[in-house]
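Here is a short briefing on one protein chain.

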Amino acid sequence: MFSDLTRDQYSDKKGENREGVLDVLDKAGIDITWIDNDSGCKGGCDRVRHIYIEPTDKQYCNGDTCYDEIMLSFVPKSNKEGDICR
């Protein structure tokens, strides 16, 4: 999803030696955090901050994976008008 390589063109070596969109955004000074609730980032988040959610929450997880709703618990709280709140 974050590579210009097709599935046939991709190799781990090529992937490790290329910058993806997360790397470019990080270098541009944008605060990047990859929150993973499923199968890993396949190396796409290795150079940025990343959080893996253990599938232990009984409301949002089934023991193997978690539903996307669990990621909302990682959105920062704010009381300022116009900010994202939960």
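Taking the bonded cysteines of the chain in sequence order, the pairing runs 1-2, 3-4. The model is a predicted one. Its disulfide count comes to two. A disulfide is a covalent bond between the sulfur atoms of two cysteines.

**Disulfides**

- Cys41 is joined to Cys45, with an S to S distance of 2.2 Å.
- The torsion about the S-S bond of Cys41 and Cys45 is about -70 degrees, so this disulfide is left-handed.
- Cys41 and Cys45 are both buried.
- Cys61 pairs with Cys66, and their sulfur atoms lie 2.0 Å apart.
- For Cys61 and Cys66 the torsion about the S-S bond is about 90 degrees, so that disulfide is right-handed.
- Cys61 is buried, and Cys66 is too.

**Asp23**

- Asp23 sits in helix 2.
- Its relative accessible area is 8%, under the 20% cut-off, so Asp23 counts as buried.
- A polar atom of the Asp23 side chain lies 2.8 Å from the backbone nitrogen of Gly20.
- Asp23 also contacts Arg18 and Arg47, leaving aside neighbours within four places in sequence.

**Nonpolar surface patch**

- Val21, Leu25 and Ile30 make up a nonpolar patch on the surface.
- Together these three residues have about 200 Å² of accessible area.
- Ile30 belongs to the loop between helix 2 (21-27) and strand 1 (33-36).
- Ile30 has 42% relative accessibility, so this residue is classed as partly exposed.

Methods:
Residues are numbered from 1 along each chain as its sequence is written. This is a predicted model: local features need pLDDT of at least 70, side-chain atom pairs count only at pLDDT 80 or more; totals for chains, interfaces and linings use all residues. Side-chain values use heavy atoms; hydrogens and water are left out. Patches are made of residues with over 30% relative accessible area and no salt bridge: like charges are joined within 9 Å, nonpolar side chains (Val, Leu, Ile, Met, Phe, Trp, Tyr) within 5 Å. Accessible areas come from the Shrake-Rupley method with a 1.4 Å probe; for residues, only the protein chains shown count as cover. A salt bridge is a side-chain nitrogen of Lys or Arg within 4 Å of a carboxyl oxygen of Asp or Glu. Helices (H or I, at least four residues) and strands (E, at least two) are DSSP runs, numbered from the N terminus. Buried means under 20% relative accessible area, exposed over 50%, partly exposed in between (1.4 Å probe, protein chains only). A polar contact is a pair of N or O atoms within 3.5 Å; within protein, one must be able to donate a hydrogen and the other to accept it, and residues adjacent in sequence count only if both atoms are side-chain atoms. Contact means heavy atoms within 4.5 Å. A disulfide is a pair of cysteine sulfur atoms within 2.5 Å.
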